[in-house]
Amino acid sequence: MKTMAQIDAWYDAEMDKAERKGKLEGKLEGKLESATRAISVKFQGYVPTESVMSQLSVLNEQQLDDFIVGMFSWQVVAQMEEWLKSFDN
């Protein structure tokens, strides 16, 4: 597992990349890509399921930001999955 400083530095770099994309769609796509990468950085060896990817894809920009910030406090994959399930209708 990475240290908080490593994750924070990585997050800042990923957000800079996402913001450089410019357009709202590009920004949202960049944040989705950052969220996916955050999963693999935080939970090394975990491959996001199709369900997790589907749940991430329907989040808006603010929710994706909240998801990435949540990665700092989640210790196990189940916590992440529970957070995503809170958006299921």
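## Terms and basis

A residue counts as buried under 20% relative accessible area, as exposed over 50% and as partly exposed in between, with a 1.4 Å probe and protein chains only. The model is predicted, so that local features need pLDDT of at least 70 and side-chain atom pairs count only at pLDDT 80 or more, while totals for chains, interfaces and linings use all residues. Residues are numbered from 1 along each chain as its sequence is written, and side-chain values use heavy atoms, leaving out hydrogens and water.

## A buried glutamine

Gln55 lies in helix 3, and because its relative accessibility is 11%, Gln55 counts as buried. Setting aside residues up to four places away in sequence, Gln55 touches Leu84, Lys85 and Asp88, where contact means heavy atoms within 4.5 Å.

## Helix 4 against helix 5

Helix 4 (residues 61-70) packs with helix 5 (residues 77-85) at an angle of about 160°, their axes being 11 Å apart. Helix 4 is therefore roughly antiparallel to helix 5, a term for angles over 145 degrees. From helix 4, Gln63, Asp66 and Phe67 make the contact, and from helix 5, Met80, Trp83 and Leu84.

Leaving aside neighbours within four places in sequence, Met71 is in contact with Ala38, Ile39, Lys42, Phe43 and Met80.

Methods: Axes fitted to C-alpha atoms, helices over the stretch in contact; angles between N-to-C directions. Helix = DSSP H or I, 4+ residues; strand = E, 2+ residues; numbered from the N terminus. Parallel < 35°, antiparallel > 145°, perpendicular 65-115°, else oblique.
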